[in-house]
Structures are given as structure tokens and as C-alpha cells.
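Good morning. I will go through one structure, starting with its sheet and ending with its aromatic pairs.

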Amino acid sequence: MERAARRNDAHVSTGTVVLRNTDLAGFRCDQASFDKAFAVNVNVFWVRDATAEIRVLWEALRPGGILHLVYGGAVSVHDRDKSRRVADTATRALVSAGFDVDVTNGNPMCVTGVRPKSA
């Protein structure tokens, strides 16, 4: 958090950036406040039930908002197999929550969920 505050000092001081340190399931914001959200190497989406976290992101994203779940660094066959399992698990979780999902398999791998505009 301190590093993010230092890097964004000018934006924090003008109020264009607000930094908060919280677990995702406990995050609260004005409903449908964000156009995009990113999670990089955040295991919650594929190691356990992430229903609460995905609900928070659904509510935080505007209709048409985009969520990128990025998992990086596949370098071996074992890592590629793990990336496929991660992508499959995250995809199922997002689809069950109502997101439209696209997966980019590569290095890094990205599962992109879009909150439908009509939902």
C-alpha cells in the first residue's frame, strides 16, 4: 500500500485516486462505479469458492464493465496444464455469476469477464 501511495502521490493528493487496503469480499463502493477491474495472480478465483468476491466485482462494475483475471508465467508443460485448470475454474465461476467470458491462453493467461449491458 505504501508503494502504491508513493507512486500515485500526485493523484492521491488531488483526489483522483483513492487507495484502500481491504480484502475483496469486504470491499464496498458505490454500486456500478468502475469500468474495469484487474486481478493479477490472485488465487481466490480458482482455489476456493469465490462467490462473495465475484459478487462484489459484479456490483462494482458498470454494465459493460470488464474484469481481467491474469495469471502469469507458464513456462513448462506442467505450468501450462495448471494455467488451463485455472482458466477453466475461473471461467465457470464467472459464467455462473452472469459474466460473458473470453479466455486468452498465453503467457500470461487472462480470463476476461464482461458484465452484460442488459443484466
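**The sheet and the rings**

Five bridges join β3 to strand β4, residues 109-114, and the two run antiparallel. Val 103 has Val 111 in β4 as its bridge partner. Strands here are DSSP runs of E with at least two residues, helices are runs of H or I with at least four, and both are numbered from the N terminus. Two strands pair if DSSP finds at least two bridges between them.

This is a predicted model: local features need pLDDT of at least 70, side-chain atom pairs count only at pLDDT 80 or more, and totals for chains, interfaces and linings use all residues. Residues are numbered from 1 along each chain as its sequence is written, and side-chain values use heavy atoms, without hydrogens and water.

The sheet is open, with four strands in the order β1-β2-β4-β3 and mixed pairing.

Now the rings. There are three aromatic pairs, meaning Phe, Tyr or Trp rings (for Trp, the six-membered ring) with centres within 6.5 Å; planes under 30 degrees apart are stacked, over 60 edge-to-face, the rest tilted. One of them is Phe 27 with Phe 34: the centres are 6.3 Å apart and the planes at 50 degrees, so this pair is tilted. Phe 27 is buried at 19% relative accessible area, while Phe 34, at 35%, is partly exposed. Buried means under 20%, exposed over 50%, partly exposed in between, with a 1.4 Å probe and protein chains only.
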